Amino acid sequence: MNMVNVTIDGIKVQVPENSTVLEAARIAKVDIPTLCYLKDINEIGACRMCVVDVGARSLQAACVYPVSEGLNVKTNTKEIRDARRITLELILSSHDRNCLQCVRNKSCELQSLADNLNIREIRYMGTEEKKKPLDDFSASIVRDPNKCILCRRCVSMCKNVQTVAVIDTMERGYKTIVSPAFEKSLSEVACVNCGQCINVCPVGALSEKGEVAKVWEALANPDLHVIVQTAPAVRAAIGEEFGLPIGTRATKNMVASLKKLGFDKVFDTNTAADLTIMEEGTELIHRIQEGGKLPLITSCSPGWIKFCEHNFPELLDNLSTCKSPHQMFGAILKSYYADKMGIDPSKIFVVSVMPCTAKKFESERPEMNVNGLKDVDAVITTRELATMIKEAGINFNEVSDEHFDDPMGDATGAGVIFGATGGVMEAAIRTAYRLLEGEELEDVNICEARGLDGIKEFTVKLPNTGIELKAAVAHGLGNARKLMEKVRSGEADYHFIEVMACPGGCVNGGGQPIQPASVRNCIDLRAERAKAIYEEDEASVLRRSHENPTIQKLYAEFLGQPCGEKSHHLLHTHYVKRDLYPTED
Amino acid sequence: MSKCGCTCSDAKEKQLQEIIEKYKNTEGALIPVLHEAQEVYGYLPLSVQSKIAEGLNVPLAEVYGVVTFYTQFSLYPKGAYKIQVCLGTACYVKGAALVLNELQKELGIEVGKCTEDGKFSLDACRCIGACGLAPVIMINDDVYGRLKPEDVKGIIQKYKDMTE
Ligand code: SF4
Ligand code: SF4
Ligand code: FES
């Protein structure tokens, strides 16, 4: 790599020749304020907060200005400070500044910037435009354009990373707005509810559809038996909301807090992940042995499912018919568990705590029910659970040794790795190997499935049956699209594909704690949180789904066979073809 | 349904497909395609934009973003009488906004829209170079200058009478 010499505020540094001034400043340990910039995702120089003096006629945006040999940069002159202040005051002048009631109060990048730049008054009036309508028709995502500062991070995420591209910049001047085409609601377009746009929004313009009130209501109702289940990835991130380092595994503290919140039972969605593996593994084997539709594609990620329904309807028969783990769990709780405990299933209220916003939409799908009762009654995100814990005044960080409740409390390491890209594949192989080969896979660590390469492809050799199982894993919908195009054209001949809609998998889901650009620009959240997941797998006594005693008992006492009749009724589902674009004006 | 009562929509659709086909593999094709499509349809409704999005493999949200960015594109059909209100600096200073408000009231439509009967459409435009006559409006090719809000009613009535 060729290096060039640059000077930043008198500090001489050598930086790679293709750096921007912002990157060079980081090497020189000089802090430049930014707002629209998000490393690798949004590098478009839109907001002008990062202006610096590079000796040109006018101030330049450091986040896009390339360095050159001998460049001399000033980042802190009166002219620069004044320019930044004016820019920020103008942004604030048309921003809906009700910080106290905002979901992003204290986690807002605009708020911190205003504080850092010592803004104590706003000299501009703002526009007289009317309040723009709130879009809260989606089951998962709420858009408040009055808070939007037009940084376009969400547009880049939705368009370039996820290739969903349902939001963009519309109109011009004062009327500029980030929204779906034709002022549609997100609920009317091909939005897949992944929530990745929320995680990159610096302000409160995007958030999840809140369900905390519904959960408090249920907890206060003495007639209800309120059960909570937590997805694998929640424990790997919730600690961040309480000041713990990124990547802390906070399982015990989380369980303790849930008990203090008053849930009647605290269960682990990992248990249902083990159940999913039994069903999906069996489905895979049936399809291989009976010449069924291949590749089989995983169905745990509801963002991926909706993406497939809109963009690849011809591949719907390739999707596993398995419901996602938390839906399966809901169905089992309102049938087997209700029966076992002698509780009227209509009095059971199931709350899922998920790293995911798309699970909210999923739980509302009409197919997701058991004998007319919804499988899951409320879905809250990791962030929403943190809000409840704070609201209740529970000390999350207090040392505790709480465990998930019986009688559904067992889970294996295979269940927990569902939270990271490659995990469902790895868990499925651990069990499929056993089902096909009649013996256990010795080394359960399938490292080819792990890591952050966009698409991972590998083959597993099964010595006894002579099968060479071809597998592929994609995370992030842009990668999924590439992979599906290969499948559609017949270029690829995999047996089994895992897709997770969010980059890095559920650990980086749209419902996880939001980290500001200042953190995201330096730390790969996906990798750090995945470490916590693999740590829990390593620490588990049982690491294969079929070894889970709760699941073994469930089949023996109730379900009979995987993919049997009861399973078909309770644990499997179907999909619908959806239009890519709305058809009515 | 088209106002003329004929079934020309198939013919238009065929033309649209030809336009898309012509530009399909050209870079930066979106704006010329939108132009030609607007010539065919007179405006760019959802159905037309969706076909362009699909045909050029550009997301609909991006197409709509471009359509709403440039004032020459219209989302709504134009009326038999196209009213343009100049909002250039001179006209603005001389009270063009008041004239525009009066027009909206008189016609019962917002800027950019067309009356239900298809007679009048109302748009704001940039300076048309008649600053000496500010504030100015144009109705098709006729220019009206030095307007006061109270002149609006009479002018509109004149066009209403002409069609009856
Ligand atoms: S939820 Fe996902 S698909 Fe929907 S607008 Fe946001 S990023 Fe795009
Ligand atoms: S919604 Fe948020 S991320 Fe999107 S442009 Fe507005 S402020 Fe930026
Ligand atoms: S222009 Fe550089 S951070 Fe926005």
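**Entry 1: the sheet of chain B**

I began with strand β1 of chain B, residues 81-86, which pairs with β2(B) in the parallel sense over 6 bridges. I noted that the model is a predicted one. Within this pair I looked up Ile83(B) and found Leu122(B) of β2(B) opposite. Next I checked which helix lies on the sheet. Helix α6 of chain B, residues 96-107, packs there. I saw α6 touching β1, β2 and β3 (137-139) of chain B. The direction of α6 makes about 155 degrees with that of β1(B).

Then I asked in what order the strands of this sheet run. I read the order as β2-β1-β3-β4 of chain B, in an open sheet of 4 strands with mixed pairing. The edges are β2 (120-125) and β4 (142-144) of chain B, and each of them pairs on one side only. Leaving direction aside, I found neighbouring strands turned by 20 degrees against each other on average.

**Entry 2: chain B as a whole**

I listed the secondary structure of chain B as 7 helices and 4 strands. Reading from the N terminus, I wrote the elements down as α-α-α-α-β-α-α-β-β-β-α.

**Entry 3: a sheet in chain A**

I moved to chain A and found an open sheet of 4 strands with parallel pairing. I wrote its order as β11-β10-β13-β16. Which strands are at the edges? They are β11 (265-268) and β16 (378-381) of chain A, each pairing on one side only. From one strand to the next, the twist averages 25 degrees.

I followed β10 of chain A, residues 225-230, and saw it pair with β11(A) in the parallel sense over 4 bridges. In that pair Thr230(A) stands opposite Asp268(A) of β11(A). I then looked for helices on this sheet. Helix α10 of chain A, residues 325-341, packs on it and touches β10, β11, β13 (348-354) and β16 of chain A. I noted about 150 degrees between the directions of α10 and β13(A). Helix α12 of chain A, residues 382-391, also packs on the sheet, touching β13 and β16 of chain A. Here the angle between the directions of α12 and β16(A) is about 85 degrees.

**Entry 4: a hairpin in chain A**

Strand β1 (residues 3-8) pairs with strand β2 (residues 11-16) in the antiparallel sense over 6 bridges. I found Met3(A) bridged to Pro16(A) of β2(A). The two strands, β1(A) and β2(A), form a hairpin with 2 residues between them. In the turn, I noted a positive phi of about 50 degrees at Asp9(A).

**Entry 5: the two ligands**

I looked at what surrounds ligand 1. Among its neighbours I found Cys158(A), Cys191(A), Cys194(A) and Cys197(A). Ile141(A), Val164(A) and Asn193(A) are also included. By class, I counted 10 nonpolar, 2 polar and no charged residues in this shell.

Around ligand 2, I found residues including Cys148(A), Cys151(A), Cys154(A) and Cys201(A).

**Entry 6: backbone details**

I searched for cis peptide bonds. One runs from Leu294(A) to Pro295(A), with omega near -5 degrees. I placed Pro295(A) in the loop between α8 (269-289) and β12 (296-297) of chain A. In chain B, the bond from Ala134(B) to Pro135(B) is cis, with omega near -5 degrees. Pro135(B) lies in the loop between β2 and β3 of chain B.

Last, I looked up Asn118(A). Its phi is near 60 degrees, a positive value in a residue other than glycine. I located Asn118(A) in the loop between α3 (109-116) and β6 (141-143) of chain A.

Note on methods: Residues are numbered from 1 along each chain as its sequence is written. Chains are lettered from A and ligands numbered from 1 in the order in which they are written. This is a predicted model: local features need pLDDT of at least 70, side-chain atom pairs count only at pLDDT 80 or more; totals for chains, interfaces and linings use all residues. Side-chain values use heavy atoms; hydrogens and water are left out. Two strands pair if DSSP finds at least two bridges between them. Axes are lines fitted to C-alpha atoms, for helices over the stretch in contact, and angles run from 0 to 180 degrees between N-to-C directions. Contact means heavy atoms within 4.5 Å. A residue is near a molecule or strand if one of its heavy atoms lies within 4 Å of it. Ala, Val, Leu, Ile, Met, Phe, Trp, Tyr, Cys and Pro count as nonpolar, Asp, Glu, Lys and Arg as charged, and the others, Gly among them, as polar.
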